[in-house]
Amino acid sequence: MTRVEADRRTFMKSAAMAAASAAVVRDRTFALQVLDDAPAEQSGVRWAKAPCRFCGTGCHVQVGVENGRVVAIAGDQAADVNKGLLCVKGYHVGLALYGEDRLTRPLLRSGDRFVPITWDQAIDVIADRVGMAPERFAIYGSGQWTIPEGYAAQKLMKGGLGNNHIDPNARLCMASAVTGFIATYGVDEPAGCYQDLDECDVLIMWGNNPAEMHPVLFSRVIDRRSQGEEVLLIDISTRRTRTTEHCQEYLEMKPHGDVAIALGICQQLIERGEYDESFVGRHCSFRAPQAENPTLLGEPITFDEFKSRIAKYTPEHVSELAGIPADSVRRLASLFADRSLRITSLWCMGMNQHTMGTAINTLVHGVHLLSGHFGRPGDAPTSLTGQPSACGTVREVGTLAHALPGGRVVANAEHRRQCEEIWGLPEGRINPKPGFHTVSMWEQFCTPASAGGEIDTIWVQVTNPGQTLPNLPKLFDAKKGLEEKFLIVSEVYPTATTQLADLILPSAMWVEKNGVFGNSERRTQQWFKMVDPPGDARDDCWQTIAVAHRLMERGHEGMRDANGRFLFRVEDDAGQEVPIWEWDHYYDVNVDRALFEEYRAFTRLKHKNLAPYDEYVRSRGMRWPVVEQPEGVWRETRFRFAGFDDPFVPEGEDFDFYHSTTGDGRAQIWFHEYTPPPEVPDDDYPFWLSTGRVLEHWHTGTMTRRIPQLSRAMPSAYVEMHRADAEALDIHDGETIAIESRRGRLELPVWIGGRGMPPMGTIFVPFFDESKLVNLVTLDAHDPFSKQPDFKKCAARVVKMGG
Amino acid sequence: MPISSLVITLTDDQALADSACESLGARPEIELGRHVANRLAAVVDSADSEADRETWQWINALPGVAHVDVVFVHFDDPPREESPELHAEHRAGGVAP
């Protein structure tokens with residue numbers, strides 16, 4: 001090692017220690033820009049901010065770049081979300097760019113092989129497919145789309161093609177949270193924020209494992225306890241996880257037991273007369289699904305009707321349904337009855353991937369509303385998201401088959417008119433009929449046209465449905481051999497999805513492009529491109545715009561606005577159009593800024609106001625609604641609907657649910673009857689099968705499995721099972737067994753007494769491993785409102801191999 | 001040769017926490033920094049990324065350690081390897097020259 005290298009290394013170590021010491025004492029003034037001030041021989045690294053690429057927490061990192069390559073990552077001390085801390089995935093996020101098999105050229109299928117083609121040819125191929133039958137074309141996107149990427153895809157489809165067949169993978173992860181919020185408050189997304197975790201006295205995790213899935217958020221709570229604060233953690237789950245180890249109370253429930261538990265808490269609060277009569281009387285109404293054709297509006301019921309319907313959910317009955325002790329139901333009700341406590345409920349996939357997903361979401365909101373545990377810091381029902389921009393891109397931009405930006409829906413004539421006006425489109429351009437949601441989109445795609453399949457071409461961006469769709473044999477693998485079907489995949493690495501692709505487009509990722517994400521607490525976060533993508537990889541947003549322009553060149557009138565101008569016209573400072581559809585000119589202007597500023601007009605339609613793009617350049621994100629103050633400062637909102645913080649609550653009011661579905665400023669407390677899961681274990685398939693994630697890998701592992709450190713730490717999928725079940729079947733730890741369901745079969749090793757510990761009769765398989773696709777066996781039954789499938793429960797059997 | 005820094009949250013059990021500090025301090029690749037309440041700053045200077053991972057896992061499993069957060073990482077050895085089991089099928093399918 002040369003002296004210069006040694007000096008540089010010593011300098012890096014001192015910077016690393018300074019960063020850790022600052023985090024220990026919570027010194028928010030420390031920033032790694034100090035490295036930029038170092039002599040060149042000590043640090044050639046240049047630093048810039050970005051949100052982490054992985055989960056929905058939205059940790060801010062500082063990215064160190066040297067010689068065109070990301071060489072260092074640091075938690076951002078100036079960021080309120082993570083206060084300088086990162087988890088093991090964030091630690092390695094920079095390496096996700098550098099797997100050796102990055103896709104670098106457009107590839108067109110030729111028989112069993114792929115042939116490199118030019119971008120120009122690739123854009124032609126897509127334009128050909130769209131031109132053949134625009135109404136049979138679909139886009140399948142993601143909560144990993146940046147906001148401008150999702151907005152561009154949304155505009156191409158709904159504003160350009162008059163086609164609503166666009167849906168995201170977020171349908172698989174948080175659609176039930178959306179319907180839960182809308183049914184309760186009339187508007188989506190959490191009212192509280194991460195500050196609730198700092199101020200709650202009780203944290204209840206409903207089927208949630210934040211110790212592994214949102215570790216930096218969980219460490220905020222653990223840290224409070226390590227400083228001597230009293231925080232009661234309660235884990236309600238179907239299996240023990242790393243989260244359970246930190247909880248004082250663990251309630252092991254049967255699948256669907258959460259519905260019964262929530263109903264039981266409400267029953268107790270009312271029977272004992274311990275609900276918050278004042279809060280309910282002033283701010284809530286009661287609601288139930290219609291008997292026929294139920295909708296998110298439901299029908300009104302009185303308090304007495306609610307009381308009558310809920311009366312049967314006694315602690316004893318709930319105990320039968322949910323499998324937890326009756327006294328635990330009473331205990332939970334007592335906590336909610338105590339107004340001196342601050343209670344935060346946290347949930348994620350456990351409540352969302354659920355055939356009663358909308359019901360359980362509304363019921364947990366209802367528990368908080370009925371007990372008055374709402375709207376004070378620490379008193380909040382809060383859902384977390386699994387993807388970095390599931391909120392920003394999917395829920396706010398509205399990249400769903402029924403939605404438009406700004407909380408608008410295609411079925412509403414006034415909403416369509418508003419969108420057409422903002423987009424400058426001729427009246428009637430937007431199609432009023434909702435498109436196919438995820439499960440039905442892929443079902444249509446996998447059904448031959450001759451048998452009624454209505455989708456022929458799907459363009460997948462930033463996601464991996466070949467691994468994540470439920471019941472893969474039916475919803476993905478069935479595409480094989482269907483000659484008229486054509487799958488386009490924009491990706492960064494080969495995946496389970498590219499295996500069936502007909503055209504593969506190499507994409508830029510994360511800091512190889514500009515971006516804007518929106519995290520789980522309504523925080524909008526911006527970053528700039530820092531390094532070039534490899535080879536001929538290009539931005540997804542550019543790909544969309546290039547296709548739109550090619551269609552316009554071919555005469556597709558939908559690609560023009562009412563004045564005959566290109567749908568994605570971007571002008572320079574002199575007012576001249578910049579040819580952003582040509583890659584060489586794409587970065588002549590900041591296309592993200594142009595699209596974001598156009599999109600901002602939508603955000604004001606439903607009080608989700610965003611600040612100008614440049615405000616996000618300056619900040620570590622801001623939580624909407626962001627409203628300009630008289631002195632010109634842009635102010636974010638931490639607690640919606642609460643008079644002390646939300647600028648849209650009239651002065652003097654303590655609460656106002658200003659998007660109430662009943663138009664009277666009230667939130668809805670719902671009643672839903674408990675119903676059993678659609679498939680339950682029986683003699684043929686005696687086990688419950690649940691699926692999920694692990695700490696080391698993010699979702700389908702396409703990025704994290706290419707990071708050697710993470711891949712070695714968790715190399716392949718496994719099945720967790722209870723020791724007694726294994727012994728009964730003469731199965732030993734590490735032995736390869738088969739899991740079978742009515743839909744498929746999967747072979748994988750057994751892990752007994754591992755990280756998660758399912759109870760007897762339950763098995764668990766993570767879904768990150770593309771060589772062991774658990775979705776070959778999962779069920780595609782879905783929630784009737786959100787259309788979100790239930791990946792958490794189906795019936796399966798375990799088969800000893802070679803026996 | 002990666003350099004990383006960590007914030008280690010120690011358990012409430014003082015005896016276990018003290019024992020963890022002692023074990024951490026005995027590792028030559030770990031330099032301990034400020035210790036405030038239950039939070040301890042540490043820098044790990046590893047020979048390679050594999051050693052770095054092993055150290056991280058060892059710290060996580062150490063009795064007396066409740067939680068480990070990462071603050072900083074500098075990758076001096078960019079990855080050259082790939083998980084061998086990954087995507088063999090894609091490579092086998094190949095890309096036409």
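Q: Is Asp730(A) buried or exposed?
A: This is a predicted model. Asp730(A) sits in the loop between helix H27 (723–728) and strand E28 (736–740) of chain A. Its C-beta has 9 others within 10 Å. A residue with 12 or fewer counts as exposed, so Asp730(A) is exposed.

Q: Is Trp510(A) buried or exposed?
A: Trp510(A) lies in the loop between strand E19 (503–506) and strand E20 (515–518) of chain A. Its phi is positive, near 45 degrees, though the residue is not glycine. The count within 10 Å is 27 other C-beta atoms. The cut-off is 20 or more, so Trp510(A) is buried.

Q: What radius of gyration does chain A have?
A: Chain A has 803 residues, and a compact globule with that number would come near 28 Å. The C-alpha trace spans about 75 × 70 × 70 Å along its principal axes. The radius of gyration agrees with the globule value: 26 Å.

Q: How many nonpolar residues are on the side of domain 1 of chain A that touches domain 3 of chain A?
A: Domain 1 covers 3–98 and domain 3 covers 175–384. The contact takes 9 residues from domain 1 of chain A and 8 residues from domain 3 of chain A. On the domain 1 side, none is charged and 3 are polar. The nonpolar residues number 6.

Conventions. Residues numbered from 1 in each chain as written. Chains lettered and ligands numbered in written order. Predicted model: local features only at pLDDT ≥ 70, side-chain atom pairs only at ≥ 80, totals over all residues. Domains from an automatic or database assignment. Contact = placed C-beta atoms within 7 Å. Nonpolar A, V, L, I, M, F, W, Y, C, P; charged D, E, K, R; others polar. Rg over C-alpha atoms; globule rule 2.2 N^0.38 Å. Helix = DSSP H or I, 4+ residues; strand = E, 2+ residues; numbered from the N terminus.
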